[in-house]
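Me: Could you take a close look at one part of this model for me, the salt bridges and what surrounds them? I would enjoy one connected walk-through.

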Amino acid sequence: MVKQSIRKSLTNNKPLAYIIAVSFLLFSMMVGISIGSVSVPFFTLFQILGKEVFHLPIAAQPDMMFTNIVMNIRLPRVLLAGLVGASLAIAGAAFQGLLRNPLADPYTLGVSSGASVGAVATIFLGISIPVLGNFTLPILSVVFSIVTIFCVLFFTKKMDRSMKVETIILTGIIFSSFLSAFISLMIALTGEELRQIIGWLMGSVSMRGWSYIVIILPFFVIGSLVLMMNTQELNAMTFGENRAKHLGVNVQRRKLTILIAGSVLTGAAVAVSGTIGFVGLVIPHIIRQIWGPDHKHLLPLSLLIGSGFLILADLVARMVISPSELPIGVITSLIGAPAFALILLKRRRRGER
Amino acid sequence: MLEVTGLSGGYYNHPVLDSVSFTVNKGELFGILGPNGSGKTTLLSMLSGVLAYKAGTIKIKGTSLKEYSAKQLAQVIAVLPQHSSLAFSYTVKETVSLGRYAHQKGLFHSWSDEDEAVVQKVMEQTGVAGFSDYQFEQLSGGERQRVLLAQALAQEPEILFLDEPTNHLDLAYQKGLLDLMKKMAMEYELTVIAIFHDLNLAGLYCDRLMLLEKGQVRVNDIPNEVLKQERIQQVYRTEIEKHPHPAIPRPQMFIVPNQHDSEKDSVVINEQFLTVSDEMVQLHAPIPLRTMSSGVTGSGTGWHQKFVNRHVSHTYSCENHVEEMTDYLRSHGFEPSETVGMMTAVFLEAVSYRFLHGENFSIFIVVTAGVGNAVDASLADQHSDAPRPGTINTWIFINGHVAEEAFIHSIVTATEAKVKALHELGVKDPVTNTWATGTSTDSILIAATQRGEGLHYAGTITPLGKLISRGVYDCTVEAIEKNERVKRT
């Protein structure tokens, strides 16, 4: 009962929730930029950020080496990790609400598998479209993820005109298996690109630079904004599609909008960083446990916390066996899977009571 | 308000509704009845815009349903679902607030003061304001139903659809919910359209009922007309008895359980079940009998298995004779609620009984009679109204299946026979010195086994009536004569 009242006071205190989430994100960013094989003192870090990012008139001349590390390596890396984490978490929260299933996430719908196929095929076939240059891989990934969600929706509609959630999940899983088989096939047939493909599949945000941030940013902004405009619809949808319709939601159109926005976010995230699991699953889940399931707050809070979480995960990934790095996907799975198991156990016990 | 013409359709290639037409007026409480699979829920799904229909039109406030956008429709129509499962646990307030969705404007759905006021109002109306911060899943079934009702009312609808609203609700909640619906219909002219499984609740609350059968409208009329015994038996293919509600002018239907074969065997009530002692005449029937009586206990209509005619002294006088009789019965091993009890000052050895055969049925009559108290009914206002023990007690047991109206015929016929017997014996009212028609506190009991031959009439020249007239006349004459003899000795 004590826990219940704590939960209630936390649930009702929304400004505090945002203060906590933003502080967590800022803290993660500072730590993420500061710590590394060469540590940048906090004071120097603030000087550099103030001078380079905000163009403040600061007299001191920070070390050029520190400036280089921060501006060309650490800052883009932290920002990319943050954007990927934010995209995956908000997309996961939206998918879970839409599919009324706390176990749903971007991967359930086959979206990330689609994006992976796009990326692996690019490496395997050595595709390079001249106009796109280095952006061939990310852009093909996004294209593939959107194509996949449309294929999933098309087949779902063929099977069941009313497009029930259960049918969508089932179709997503079938597509996912099919696409995974393609990836395995390409891995089996490949020779020298093996290490590159595996490395990409395990996920990483290292050495991507500013250009990748430019790639993900528009997708992130549009996708998140669209999802934020559908928070009330997501709330209604958790009562079931018929109920949502009774409440006045244009279910078919909203469902399509949310699915596409979520796919764009996932596709872009997978494209720039490879497959990073469990962020889209665990983060919304934790937020819901602490601050309740209202999507009006769940989506932005997931975005902020997911972002900070992936920055910290990336920090751990590059610190554990320094100077070499672990794939970030390994870290998120190592933290995420047990956390998720714990949540499941807790839910189970509560259900039994 | 709602106008449906020639509505047909169903799921995929399986047609459910076949050209259904009806109209519902503003402020009406309209009930939809029908057996399982008759298309009730399908019809409701189509009316609420969830299910597409193949042919026909649905007009709401004069505009076709298809021309409404989802939001516009939700401002006119709200639905209270039969059950609702939630993937995530919202608070009661959050759940109710979702009802305002259709009224909110802008890309990010800003929450206005009006929204807040409406939500507070409907939470008060449905009695859920007290737990607005509770989690939905912490609530009981009845409370959840009320929260969903609040959500539907928050839409400020003009038409409210209810799908079996009383499912999972206990008696008090059923009544509370339907009373609220009735009130909303009368005070706010809310149009309520509800699916009912419970014919009795539908009959109690609805202004009009529509009975569906195999996707077609069987009848659409006022409850008393729709809830006809034969019609309900046909449509639902089951045994039903119709009876008026005891307190209000509404029809009620009763299920009649299938009877075991041994329960159908005919039972004959005759002198073998009768015991006479100085203290009481008692009859202990092997099965409960359907009764109509004016006894001290077990009066009115009911089912009784034991019958007692108790001797009391001439000087018996008690302020509360019902209570005294109840205590008496209990102290002698009779359960008062199962016993028809009468009193008489007559000596019980003067009892007269007779068993008479008709065609396929029989009757058994028991009479105790004394006429010291005789009254001429036409001049009864010359008597004081001090109650005295009844002196002619007539029991008529009918071995047959007696209809309600035949019970009343039987009472009339028996009374006529009794009057004739008094006349024959020259009994006079001592006060007015005119022919007496009975005594001041006569009692009668008609009890039937309700097995075997169906008996619909008991007027004086019907087979049953003839038997009753003869039996009551003979027994009354004999009982009076016997009593005179006993008194003399």
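**Salt bridges and their surroundings**

Reply: Happy to. A network of salt bridges joins A:Arg77, A:Asp314, A:Arg318 and A:Glu325. Please keep in mind that this is a predicted model. Over all chains, a search of the whole structure gives 20 salt bridges. Side chains of opposite charge can pair when their charged atoms come close.

B:Arg100 counts as buried because its relative accessibility is 1%, under the 20% cut-off. B:Glu156, in contrast, is partly exposed, at 32% relative accessibility.

B:Arg100 also forms a salt bridge with B:Glu114, and here the closest N and O atoms are 3.9 Å apart. That distance still counts because the limit is 4 Å. B:Glu114 lies in helix 4 (residues 113-125) of chain B, so this second pair ties together parts that are 14 residues apart in sequence.

The loop between helix 5 and strand 7 (159-163) of chain B also holds B:Glu158, whose partner B:Lys61 is found in the loop between strand 4 and strand 5 (63-64).

Now for the nonpolar side of the picture. In soluble globular proteins, nonpolar side chains tend to be buried together. The largest nonpolar core here has 130 residues, and A:Val84, B:Val96 and B:Leu160 touch the most other members. The element that gives the most to this core is helix 4 (residues 64-98) of chain A, with 18 residues. Leaving out residues up to four places away in sequence, the contacts of B:Leu160 include B:Ala78, B:Leu149, B:Met181 and B:Ile193. Another core, apart from the largest one, has 32 residues, with B:Ile396 and B:Phe407 among them.

What about salt bridges where the two chains meet? Across the interface of chain B and chain A, the rule finds zero. The side of chain B that touches chain A divides into 18 nonpolar, 13 polar and four charged residues. In total, 35 residues from chain B and 33 residues from chain A take part in the contact. The chains bury about 3,000 Å² between them, with 57% of this on carbon and sulfur atoms. On the chain B side, B:Phe88, B:Leu98 and B:Tyr101 lose the most area to chain A, together 23% of what that side buries.

One last stop is B:Tyr53, in the loop between helix 1 and strand 4 (55-60) of chain B. B:Tyr53 is buried, at a relative accessible area of 9%. Beyond its neighbours up to four places away in sequence, B:Tyr53 touches B:Leu7, B:Ser8, B:Met46, B:Ile58, B:Leu65 and B:Lys66.

Notes. Residues are numbered from 1 along each chain as its sequence is written. Chains are lettered from A and ligands numbered from 1 in the order in which they are written. This is a predicted model: local features need pLDDT of at least 70, side-chain atom pairs count only at pLDDT 80 or more; totals for chains, interfaces and linings use all residues. Side-chain values use heavy atoms; hydrogens and water are left out. Contact means heavy atoms within 4.5 Å. Buried area is the accessible area (1.4 Å probe) that two parts lose on being put together, summed over both. A salt bridge is a side-chain nitrogen of Lys or Arg within 4 Å of a carboxyl oxygen of Asp or Glu. Ala, Val, Leu, Ile, Met, Phe, Trp, Tyr, Cys and Pro count as nonpolar, Asp, Glu, Lys and Arg as charged, and the others, Gly among them, as polar. A nonpolar core is a set of buried Ala, Val, Leu, Ile, Met, Phe, Trp, Tyr and Cys residues joined through side-chain atoms within 4.5 Å. Buried means under 20% relative accessible area, exposed over 50%, partly exposed in between (1.4 Å probe, protein chains only). Helices (H or I, at least four residues) and strands (E, at least two) are DSSP runs, numbered from the N terminus.
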